[in-house]
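Student: Could we go through this structure together? I would like to begin with the overall picture and then turn to the charged side chains.

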Amino acid sequence: MTDQNHHSSALAQTGNVHLGVTPYNFLTSLLVVLICGLAFSLAGLVIYFGSIRPVKIIEVVPVEMLELPGGSEDGTPDESLRVENEFPETNDASPAEIPSDVAEVAETIEKMLDVSDQSTELVEQQFDLGIQNSGKVGSARGTGARGLGKGPGKGGLSREQRWYVSFNDRLTADEYARQLESFGIELGAIEPDGTVSYLSRPATSPNVRRGPSAAETRLFMSWRGGNRKQLDQELLTRNGITVRDDTLIVHFYPAQLEQSMLRMEQDFQHRPIESIRRTYFEVTQKDGKYQFIVIRQILNTAGK
């Protein structure tokens with residue numbers, strides 16, 4: 001019995017297995033923990049620097065839209081010069097008999113005199129001088145009359161000639177003043193001697209100044225109807241600007257507003273500027289802000 005008990009005890013001691021951590025296992029686990037910690041730290045740093053990094057704002061260079069209307073002030077909107085012959089069409093055609101690379105026209109003035117003999121002598125002198133037209137021979141389309149406008153070009157109306165701006169006649173003077181201030185429009189009272197009295201910010205902090213009209217280069221609009229002219233006169237008088245019967249009341253438009261209205265005009269029907277005779281703007285309110293919108297356009301007969 002004693003030998004059997006001792007044998008059983010030895011077997012029991014042999015079956016007890018003691019598990020332990022070797023130095024290799026410890027170092028491996030430590031390296032895994034360090035690598036995971038570094039990875040999480042790196043990811044956190046990337047997220048942090050990405051959130052605090054300043055966003056680079058791309059500055060858009062403002063594009064100024066230019067137009068070059070041309071024609072004659074006593075012309076008509078649908079007219080343009082017409083020179084027809086067998087030569088091909090060119091932009092600066094002339095009825096010259098001698099081809100030339102430079103388009104030049106020598107103009108003579110015929111004076112009407114009461115005495116027929118003196119008139120005949122002037123005509124003979126003209127032919128003796130050998131005055132003749134020279135230019136680039138060719139033809140041009142048109143009806144033969146002068147186009148309405150001002151300056152060189154193929155014709156077209158300037159902005160102050162073709163733009164019509166409508167303000168609501170049912171607004172109060174204070175609401176009307178807020179509209180002018182929101183657009184940056186400056187009221188002007190032009191005297192016959194050329195002096196201009198300006199009124200800016202009429203709704204919040206009115207500012208009055210004076211200057212010569214010759215130094216003014218901004219677009220200005222004058223009234224052709226409606227009741228807003230009386231409100232302009234009221235705003236000017238309220239701020240100490242005297243308005244007489246011969247005083248011209250105008251609105252001076254800032255360049256930024258003028259460019260915005262020009263883009264709206266072109267985007268309305270996507271027509272070239274020279275084909276537009278009238279563009280009608282109206283003041284509306286959207287999301288608490290005043291803005292201009294194009295409500296109607298009239299095209300020249302040639303631009304339809």
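Student: What share of the residues in the protein chain is buried?
Tutor: This is a predicted model, and in it buried residues account for 28% of the 304 residues in the protein chain.

Student: And the accessible surface, how much of that belongs to carbon and sulfur atoms?
Tutor: Carbon and sulfur atoms contribute 55% of an accessible surface of about 21,800 Å².

Student: How many helices and strands are there?
Tutor: The protein chain has seven helices and eleven strands. Of the contacts with a separation of 6 or more, 73% are between residues 24 or more positions apart.

Student: Now the charges. How many salt bridges does the structure hold?
Tutor: There are ten salt bridges. One of them joins Arg238 to Asp174, with the closest N and O atoms 3.7 Å apart. This pair connects distant parts of the chain, since Arg238 belongs to helix α6 (residues 228–238) and Asp174 to helix α5 (residues 173–183), 64 residues apart.

Student: Are those two side chains buried, partly exposed or exposed?
Tutor: Arg238 is partly exposed, at 47% relative accessibility. Asp174 is partly exposed as well, with a relative accessible area of 45%.

Student: Which other residue forms a salt bridge with Arg238?
Tutor: Arg238 also forms a salt bridge with Glu234, where the closest N and O atoms are 3.0 Å apart. Both residues lie in helix α6, and because they are four residues apart, about one helical turn separates them. Glu234 is partly exposed, its relative accessible area being 37%.

Student: Changing topic: what does Glu186 pair with?
Tutor: Glu186 forms a salt bridge with Arg218, and the closest N and O atoms are 2.9 Å apart. Here too the pair links distant parts of the chain: Glu186 is in strand β5 (residues 186–190), while Arg218 is in the loop between β7 (207–212) and β8 (219–222), 32 residues apart.

Student: Is Glu186 buried or exposed?
Tutor: Glu186 has a relative accessibility of 7%, so it counts as buried, the cut-off being under 20%. Arg218, at 25%, counts as partly exposed.

Student: Which residues are linked with Glu186 and Arg218 in a network of salt bridges?
Tutor: Arg209 and Glu216 are linked with Glu186 and Arg218 in that network.

Terms used:
Residues are numbered from 1 along each chain as its sequence is written. This is a predicted model: local features need pLDDT of at least 70, side-chain atom pairs count only at pLDDT 80 or more; totals for chains, interfaces and linings use all residues. Side-chain values use heavy atoms; hydrogens and water are left out. Helices (H or I, at least four residues) and strands (E, at least two) are DSSP runs, numbered from the N terminus. Buried means under 20% relative accessible area, exposed over 50%, partly exposed in between (1.4 Å probe, protein chains only). Contact means heavy atoms within 4.5 Å. Accessible areas come from the Shrake-Rupley method with a 1.4 Å probe; for residues, only the protein chains shown count as cover. A salt bridge is a side-chain nitrogen of Lys or Arg within 4 Å of a carboxyl oxygen of Asp or Glu.
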